[in-house]
Amino acid sequence: MTLVSFLIQALGFIGVLFFLISYQVRSNRRLFLLQTLGCLTFCIQFALLGALSGCLSLLINIARNTMLIGYERFKLVRWKGWVVVFSVLCIVSTIYTWNGLISLLPLLGTIITTAACWTNNAKNIRIANLCSNSPCMLLYDIFVHSWGGALNEIITIASIIISIRRFGLDSLNENKDV
């Protein structure tokens with residue numbers, strides 16, 4: 001492994017830390033902030049790996065999560081039409097970066113998670129990540145050789161399960177900002 005390859009892989013492991021912490025907070029606002037930092041880290045790694053479908057998908061996630069940080073404060077952010085806007089952006093970016101069927105994985109995970117995010121319900125967001133985004137991105141990470149990304153999705157799945165056990169699935173509906 002060359003030094004450059006090592007550094008690219010190390011970047012992915014930094015992203016792991018952001019996502020690991022993100023599912024251990026109750027607040028959607030903090031969850032979105034931490035996930036935005038994780039997405040940025042993995043976006044850079046995907047760009048360096050030449051995994052453009054994943055890279056652009058993560059850029060869309062960054063824009064989405066940045067908006068969602070202000071969900072409670074700004075009425076414009078609560079507009080449900082943003083789900084369609086972000087979904088169309090995902091479809092266009094997938095067409096632009098098409099690299100075979102593997103390009104569908106970031107598309108599916110991002111669209112389903114985006115729809116869940118606009119419910120502003122921590123339970124829905126975690127379930128969407130657990131059942132859709134994380135499995136899709138795990139397969140994508142393995143395909144593009146993002147070992148930190150693959151580890152991240154495994155840890156994310158475990159972390160979501162821990163947060164559900166820790167807070168209780170129904171208590172996540174309460175959206176406490178703690």
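Predicted model: local features only at pLDDT ≥ 70, side-chain atom pairs only at ≥ 80, totals over all residues.
Along the sequence the pattern reads α-α-α-α-α-α-α. The radius of gyration is 15 Å, close to the 16 Å that the globule rule gives for 178 residues, so the protein chain is as compact as a globular protein of that length. Along the principal axes, the C-alpha atoms fill a box of roughly 45 × 35 × 25 Å.

Of the 178 residues, 51% are buried. Among contacts with a separation of 6 or more, 68% join residues 24 or more positions apart. As for charge, the protein chain carries 13 positive and 6 negative side chains, and the centres of these two sets lie 5 Å apart.

Most residues other than glycine have a negative phi. Asparagine 120, in the loop between α5 (104-117) and α6 (122-144), has a positive phi near 55°. Its relative accessibility is 11%, under the 20% cut-off, and therefore asparagine 120 counts as buried. Histidine 145 belongs to the loop between α6 and α7 (147-167), and its phi is also positive, at about 65°, although it is not a glycine. Because its relative accessibility is 45%, between the limits of 20% and 50%, histidine 145 counts as partly exposed.

Technical notes
Residues numbered from 1 in each chain as written. Heavy atoms only, no water. Helix = DSSP H or I, 4+ residues; strand = E, 2+ residues; numbered from the N terminus. Buried < 20%, exposed > 50% of the residue type's maximum accessible area, 1.4 Å probe, protein only. Rg over C-alpha atoms; globule rule 2.2 N^0.38 Å. Contact = heavy atoms within 4.5 Å. Lys, Arg positive; Asp, Glu negative; His and termini not counted. Charge placed at Lys NZ, Arg CZ, Asp CG, Glu CD.
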